[in-house]
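Here is a short briefing to read alongside the model.

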Amino acid sequence: MESRKDKFVGNRYGGPRTPKEDKSEMIFGSRPILEALSAGKELEKIFLQRGARNPTTDEIVKLAKGREVPVVTVPIEKLNNLTRKNHQGAVALISPISYQPLSEIVTALFEQGKNPLLLILDRVTDVRNFGSIARNAECMGVDAIVIPSRGGAQINADAMKTSAGALNLVPVCREPNLKDTMDYLKDYGFQIVACTEKTEHQLTDFAVDMVGPTAILMGSEEDGISPEYLKRADVRLRIPLMGQIGSLNVSVATGIILYEAMRQRLKDSGYSSLSKLEPM
């Protein structure tokens, strides 16, 4: 098998309570944020004070859009809750990882003669779930994780810790429109496999070949996969359950379906033992 090292590398807005510092590294002030964007610094998210628009913030929004960095306008109380420091109406969170272009990863994988396995996450917002999913993905051979530019979990220190280092190993691609992303992947020959409760086809009795180029789609903790994404899936699979609780934690469900994809791929590659990876 190839080495994993060969892969790409109070009240609602706070009130009197003491602000809670985010564990992520921050940049304060619109001018430093603009300079960071211009220098190519990887930013996770930018918060701008609502109603404080000026030429500098307009330029921030323009540059951030080009680099697919989410920009959120918020009340000043929100900024005060992010930090105790003098933010001057603008705070940016520095990303602990470098996002990768999906198109370059897909092209490189095909050039290497591989059948890519991708993981698409639709609005998975809990950072620990995200970190756990990344750990599953790294262990089971996922080539890249695709997330939306808006509506996904913030990749911060908690996510990095929960991933046990996986977020330093598996490329993460931040896409502005998952519908366009799925259409792009289908044009490249990927099948989109949606893991959802909204189907009668069970993972255990509905044979789906996941050896070829495959993108597995997982939904949010609250309401699963968005309808507009679900209808783009080529296959819908559900994980059978015996208990009274009707659903699994998204990180657990992701691990189960990724295991099935890995099992198929190992068998196709000529390995008979998942534990020892001994060739047949």
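**Aromatic pairs**

The count comes to 3 aromatic pairs, where rings of Phe, Tyr and Trp (its six-membered ring) pair if their centres lie within 6.5 Å, and planes under 30 degrees apart count as stacked, over 60 as edge-to-face and the rest as tilted. Please keep in mind that this is a predicted model, in which local features need pLDDT of at least 70 and side-chain atom pairs count only at pLDDT 80 or more, while totals for chains, interfaces and linings use all residues. Residues are numbered from 1 along each chain as its sequence is written, and side-chain values use heavy atoms, leaving out hydrogens and water.

- Phenylalanine 110 and tyrosine 188 are stacked, because their ring centres are 6.3 Å apart and their planes are at 20°.
- Phenylalanine 110 lies in helix α4 (residues 102–111) and tyrosine 188 in the loop between α7 (178–187) and β8 (191–195), so this pair ties together parts 78 residues apart in sequence. Helices (H or I, at least four residues) and strands (E, at least two) are DSSP runs, numbered from the N terminus.
- Phenylalanine 110 also forms an edge-to-face pair with phenylalanine 190, at 5.8 Å centre to centre and 70° between the planes.
- Phenylalanine 190 counts as buried because its relative accessibility is 4%; buried means under 20% relative accessible area, exposed over 50%, and partly exposed in between (1.4 Å probe, protein chains only).
- Phenylalanine 110, at 29%, counts as partly exposed, and tyrosine 188, at 40%, counts as partly exposed too.
- Ring pairs link Phe110, Tyr184, Tyr188 and Phe190 into a cluster.

**Strands β6 and β7**

- Strand β6 (residues 144–148) and β7 run parallel and are joined by 4 bridges; two strands pair if DSSP finds at least two bridges between them.
- Isoleucine 147 stands opposite arginine 174 in β7.
- Strand β7 (residues 172–175) is covered on both faces, with Val172 and Arg174 buried on one side and Cys173 and Glu175 buried on the other.

**The open sheet**

- An open sheet of 4 strands has mixed pairing and the order β1-β4-β2-β3.
- Its edge strands, β1 (26–28) and β3 (71–74), each pair on one side only.
- Strands β1 and β4 (residues 90–94) run antiparallel and are joined by 3 bridges.
- Phenylalanine 28 stands opposite valine 91 in β4.
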